[in-house]
Amino acid sequence: MKTFKSIFEQYNWDEIQSRIYKTTSKDVERTLAKTKYNLDDFLILISPIAQNYLEQMAQKCHEITKKRFGKTIQMYAPLYLSNECQNICTYCGFSLDNKIKRKTLTDAEIKLEVEALKNTGFDHVLLVTGEANYTVNINYFLNAINLIKENFSIISVEVQPLSVEDYECLHNAGVYSVLVYQETYHQEVYKKYHTKGKKSNFDYRLETPDRIGTAGIHKIGLGVLLGLEDWRTDSFFNALHLDYLQKKYWQTKYSVSFPRLRPAEGIIEPNFIMDDKDLTQLICAYRLWNEDLEISISTRENETFRNHIIPIGVTSMSAGSKTNPGGYVVDPQSLEQFEISDERSAEEISNIIKNAGYEPVWKDWNKAYS
């Protein structure tokens, strides 16, 4: 079966980076005059010179998003089930070499966390764990899903890469979407950030979305960890990946997230700084390139940025998030994977969305209609 790896190997990081940074004003103006965009256009829109046209890009994004998604923002919350992990990743608070207290939620603790989330109105939950195959494996995931599925209309997961068979099990259990991040597509330095564990296998992780698509999962979420390598070049390869997936698994929906490196226990400092203007440009580039792509902004981002990005191209936002297992009620002091920046409650975020003239959506899909 042909996978993304065969496409990926046709591209060279340095050549793509050079093309991005050689983009001219005329290239940008010619691109913005179009009504349909391809990957070459995306490359132009993420170039440094394109930032001079950000206001024009943002206005076009606003109209496209309103036409395609209306004035709605889907609300979701992460539920961290475990911080156990067998990988050593230099940017993550859950890394195996961090001497921290490890915790995996029991059935009773999961139910308490679910109750807390339901009391704040959430109907879409994202289950998150570290990568520890001996403890948080497919059997653990299926048990957790069975415990909570009556409480949420949408269950998404962000866990270690799995086999096609395991993804089929998740699909049959009621999982709506799976998020998996390559972290960086710079293959030569990938090993530097992932020094031990299954995650150090670049190719296995690269082909994970193919396995998710083969299993028939409704939605696949991609993204890169912004700050590891040049965000422009990494984002081109992420778009290349999305382009391939949409053509091959055309019945599947797709989303993109924008995790910027945030402070956490024992992590490295970002190698590349991405400021708010950069992130706004990237969001605009994705929206102009792909009208159907769902765009998610998490509580990693600060209050001011999240307030102002609502009308531009975002379709979903988290709120009141805790990034540690048991963080809502069971064990608020357990180690976070990363520090959040926007600490406002779900109710506060909901009101911000309403005040911007948008509707916060707590439920927009039901498996009974699939």
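This is a predicted model: local features need pLDDT of at least 70, side-chain atom pairs count only at pLDDT 80 or more; totals for chains, interfaces and linings use all residues.

Residues are numbered from 1 along each chain as its sequence is written, and side-chain values use heavy atoms, with hydrogens and water left out.

**The chain as a whole**

- The protein chain has 15 helices and eleven strands, where helices (H or I, at least four residues) and strands (E, at least two) are DSSP runs numbered from the N terminus.
- The radius of gyration, taken over C-alpha atoms, is 20 Å, close to the 21 Å that the globule rule gives for 370 residues, so the protein chain is as compact as a globular protein of that length; the rule itself is 2.2 Å times the number of residues to the power 0.38.
- Along its principal axes, the C-alpha trace of the protein chain spans about 60 × 45 × 40 Å.
- Of the 370 residues, 59% count as buried, a term that means under 20% relative accessible area, with exposed meaning over 50% and partly exposed lying in between (1.4 Å probe, protein chains only).
- Among the contacts in the protein chain with a separation of 6 or more, 75% come from residues 24 or more positions apart, a contact being heavy atoms within 4.5 Å.

**Surface and charge**

- The protein chain exposes about 15,500 Å², of which carbon and sulfur atoms supply 48%; the areas come from the Shrake-Rupley method with a 1.4 Å probe.
- The 43 positive and 50 negative charges have mean positions that are 3 Å apart, with Lys and Arg counted as positive, Asp and Glu as negative, and His and the chain ends not counted.

**Helix 7**

- In helix 7, which covers residues 138–148, the buried residues are I138, Y140, F141, A144, I145 and I148.
- Seen down the axis of helix 7, these buried residues fall within an arc of 160°, so they line one face of the helix; the arc is that of the directions from the helix axis to the C-beta atoms.
- The partners against which the buried residues of helix 7 pack are strand 1 (72–82), helix 6 (107–119), strand 3 (124–129), strand 4 (154–158) and helix 8 (164–173).

- M75 is found in strand 1 and is buried, with a relative accessible area of 0%.
- Leaving aside neighbours within four places in sequence, M75 is in contact with residues including F122, H124, M317, A346 and W362, and its C-alpha atom is separated by 8.0 Å from that of K363, 288 residues apart along the chain.
- R287 lies in helix 13 (residues 276–289) and is likewise buried, with a relative accessible area of 0%.
- Not counting residues up to four places away in sequence, R287 touches several residues, among them C61, F69, D292 and T315.

**Two loop residues**

- E183, in the loop between strand 5 (177–179) and helix 9 (187–193), has a positive phi of about 75° although it is not a glycine.
- Most residues other than glycine have a negative phi.
- E183 is buried, with a relative accessible area of 8%.
- T24, in the loop between helix 2 (13–21) and helix 3 (25–32), is partly exposed, with a relative accessible area of 36%.

Methods:
The place of a charge is taken as NZ of Lys, CZ of Arg, CG of Asp or CD of Glu.
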